[in-house]
Amino acid sequence: MHHRVTEADTAQALGSGEVPVLATPRLIAWLEAATVRAAAPYTGPGETTVGTAVRVRHLRATGVGGRVEVTARPPAGWSGRRLTFAVRAVDAAGRLVAEGEIERAVVDRRRFLEGDL
């Protein structure tokens, strides 16, 4: 998934800092969206996934107008209801912006929404 950093994506706009660069909370949201897409093959009818853990290191600043590609690599040898994705973000020059892991749990959508966790 590719994203272009806008003023609305900056630390200043999101209140997570004072500089006009890609905010860590926005970057994590983009990485989580990549895991949602990557998790789709692991869910059955009536199931979805929910985020349960985020371990991400934001390593490089990206200014307004910069382009970031985010990826989520599916887990190898998956079993059970927990999925751990290796996530990465790279800028247009191929430099590493962020890396880490995001965990998602497979849940029954109806039961989850009814609060039967």
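**Exercise 1.** How many helices and strands does the secondary structure of the protein chain come to?

*Solution.* The model is predicted. Count the elements: the protein chain has three helices and five strands. From the N terminus, they run β-α-α-β-β-β-β-α.

**Exercise 2.** Which strands pair with β3, and in what sense?

*Solution.* Take β1, residues 2-4, to begin with. Three bridges join β1 to β3, and the two run antiparallel. Now turn to β4, residues 82-91. Six bridges link β3 and β4, again in the antiparallel sense. Here Glu-69 has Val-90 of β4 as its bridge partner.

**Exercise 3.** Along strand β3, which side chains point to one face and are buried, and which point to the other?

*Solution.* Start from the rule: in a regular strand, side chains alternate between the two faces of the sheet. Apply it to residues 67-73 of β3. Val-68, Val-70 and Ala-72 share one face and are buried. The cut-off for buried is under 20% relative accessible area.

**Exercise 4.** What percentage of the residues of the protein chain count as buried, and what percentage of the accessible surface belongs to carbon and sulfur atoms?

*Solution.* Take burial, then surface. Of 117 residues, 32% count as buried. The accessible surface is about 6,700 Å², and carbon and sulfur atoms hold 51% of that area.

Note on methods: Residues numbered from 1 in each chain as written. Predicted model: local features only at pLDDT ≥ 70, side-chain atom pairs only at ≥ 80, totals over all residues. Heavy atoms only, no water. Buried < 20%, exposed > 50% of the residue type's maximum accessible area, 1.4 Å probe, protein only. Helix = DSSP H or I, 4+ residues; strand = E, 2+ residues; numbered from the N terminus. Pairing = 2+ DSSP bridges. Areas by Shrake-Rupley, 256 points an atom, 1.4 Å probe, with all protein chains shown as cover.
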